[in-house]
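Student: Before I use the terms for this model, I would like to see each one set against its definition. Can we go through them in turn?

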Amino acid sequence: MVNNQLRTIYAFAREMYPRNTKTQIQYGTAGFRTKATMLDYVVYRMGLLAVLRGRYKKACIGVMITASHNPEPDNGVKLVDPMGEMLEQSWEEWATKIANVPDDQLESVVSEIVKEFKIDNMNERFEVYIGKDTRPSSPSLAEAAAHGVRAIGGKPMDFGIVTTPQLHYFVRCRNSRNEYGQPNEVGYYTKLCTAFKKLRGDGYSNGKYENTIVYDGANGVGAKKVKFLKEVLGDALKIEMYNDEIIGSGKLNHLCGADFVKSQQKFPTGVPNKPNVRCCSVDGDADRLVYYYKDDKDVLHLMDGDRLATLIASYIKEILQETGIDLNLGLVQTAYANGASTEYITKQLKVPVSCVPTGVKHLHHKALDYDIGVYFEANGHGTVVFSKNAKQSLKNEAQSNRKSAEEKRAIAKLLDLIDVVNEAVGDAISDMLLVETILHAKGWDIQEWEKTYEDLPNKLLKVVVEDRNIFATTDAERRLVAPEGLQEQIDALTSKYPKGRSFVRPSGTEDVVRVYAEAASAADVERLGAEVALKVFQLGGGVGTPPELAQ
Ligand code: G16
């Protein structure tokens, strides 16, 4: 390279993407996220890091520009690793380091990374796939990423506006040399929809299942992309789309979308409020999905990520039994999982369940321990991963004489189901097709689905504090170790309520501390949530007006 590259890196940084701030920024739950106006130098540097990572892994790396569920003025950037998974955690520290050094130290950090990872192919031009969401700030940030990639001699490929999971999928396809699929949108829709239609067969409705779904696109990329999906699906699934005002409407995620419905437990605006109709919402970059309906009394019934996980795991378990193949199936959740769902999974489904910290990267990693790992966060972010062993056994047994015709039918079904799934990362579109496949197969409406178990009432709150970094957690975020004394106070409060449970953790995507509470009754959960939030405010340096205690 090398001197030429280093000079270009610095020249670009100084002239086009100077770091005119002293504010430190951290690679959080899903990359860097903050006000879009503060991100161009960070994104430029992520372009540099993507090429270094690509040279180290000898693979194509992804850069996604999105702030997902955050408000429209925010934006973010995250890197996608070769198999379409989130950036390996040990490199997050390098991302944070390179993002925070002064411009004139950029060259030395790049040299440090080259040395640390013994990168000796600095002249190789690996591709970096770049995608962006519909935020007005995204095109210029995508351009900053491309500049970073070019400055260090990489090859940027801009996919334009795509969902986050689509970009992850393309990276995985590219690095599998197209074995996983074609790295483009047509390839993505074709793979998912062909398998979906095959599983559905000719009978579009079945029992209580009707093939119409009301879809809230959160006024984001999830709306844009479903227009095309609808065409490919034809009559196999009728999608009635709402909230599809896309670029520049200022309505992205506003009073709608998966995060709004889940965290506010409210019906989204912009969607017709008809009783007992199966509805779903995606978030701003279409990696989360929740289902819901309103009953005759106008009460919202929410099927969140826990429900998706239990539905999917129970169905896969059923088919696995029909195949007669011995593969282990496991489920991964976080502390946000409703206690009733965990009890249902362990006691009724008898599927092993693990709890890990928030962040798809943690869930995905743990799910790889199983032949078939189902993982979902309660917020609707998740997918299923199938090990090489699982896929190979299914393919081998599909040809084997030992298997009966019935078993072979079940194997074929499971193989098709794998093709409906985007294994790279949680994907709202793929998850919706998966849920619709299962409901169709079972002949269920959304009410039947809901009957599987009863959620404990729960509440999510946010508290603004001076410095959320003083909050430290342990035990998969279920307990606080700092600020001192706060966990004991939370324990005392939860012990007052039957089935009371509460935990507190700093968000990795917003400048807030999150409070989760659940209890046996709705009134208790209101009180518990408010009491814990108030303690957080008092002992954790709350800012503004203290949270009010529920009556
Ligand atoms: C991101 C992550 C999720 C996480 C969520 C909230 O979602 O990918 O794993 O659950 O942020 O994280 P936190 O509570 O730390 O703010 P998304 O959909 O915004 O990319």
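Student: How much space lies in the largest cavity?

Tutor: About 50 Å³. This is a predicted model, where local features need pLDDT of at least 70 and side-chain atom pairs count only at pLDDT 80 or more, while totals for chains, interfaces and linings use all residues. Residues are numbered from 1 along each chain as its sequence is written, and side-chain values use heavy atoms, with hydrogens and water left out.

Student: What makes a space a cavity, and what makes it a pocket?

Tutor: On a 1 Å grid over the protein atoms alone, a cavity is a set of points where a 1.4 Å probe fits but cannot get out. A pocket is an open set with protein on both sides within 12 Å along at least five of seven lines. Lining residues have an atom within 4 Å of a point. Points are joined across faces, edges and corners, and the volume is the space filled by probe spheres set on them. The whole structure has 2 cavities of 30 Å³ or more.

Student: Which residues line the largest cavity, and how do they divide by class?

Tutor: Among them are Tyr-27, Lys-78, Met-86, Glu-92 and Lys-361. The lining divides into 5 nonpolar, 2 polar and 3 charged residues. Here Ala, Val, Leu, Ile, Met, Phe, Trp, Tyr, Cys and Pro count as nonpolar, Asp, Glu, Lys and Arg as charged, and the others, Gly among them, as polar.

Student: How many charged residues are in the lining of the second largest cavity?

Tutor: None: that lining has 4 nonpolar and 3 polar residues. Its volume is about 40 Å³, and its lining includes Trp-444 and Trp-449. Helix α10 (residues 305-323) gives the largest share, 3 residues. Helices (H or I, at least four residues) and strands (E, at least two) are DSSP runs numbered from the N terminus.

Student: What lies nearest the centre of the second largest pocket?

Tutor: Gln-26, Gly-28, Arg-468, Ser-507 and Gly-508, out of 44 lining residues. The pocket holds about 1,200 Å³ of space, and its lining has 11 nonpolar, 20 polar and 13 charged residues.

Student: Why is the pair of Phe-12 and Tyr-44 called stacked?

Tutor: Rings of Phe, Tyr and Trp (its six-membered ring) pair if their centres lie within 6.5 Å; planes under 30 degrees apart count as stacked, over 60 as edge-to-face and the rest as tilted. The structure holds 20 aromatic pairs. In this one the centres are 6.3 Å apart and the planes at 0°, so the pair is stacked. Phe-12 lies in helix α1 and Tyr-44 in helix α2, so the pair ties together parts 32 residues apart in sequence.

Student: What makes β15 and β19 paired strands?

Tutor: Two strands pair if DSSP finds at least two bridges between them. β15 and β19 (residues 513-518) are joined by 6 bridges and run antiparallel, so they pair. Val-463 stands opposite Val-513 in β19.
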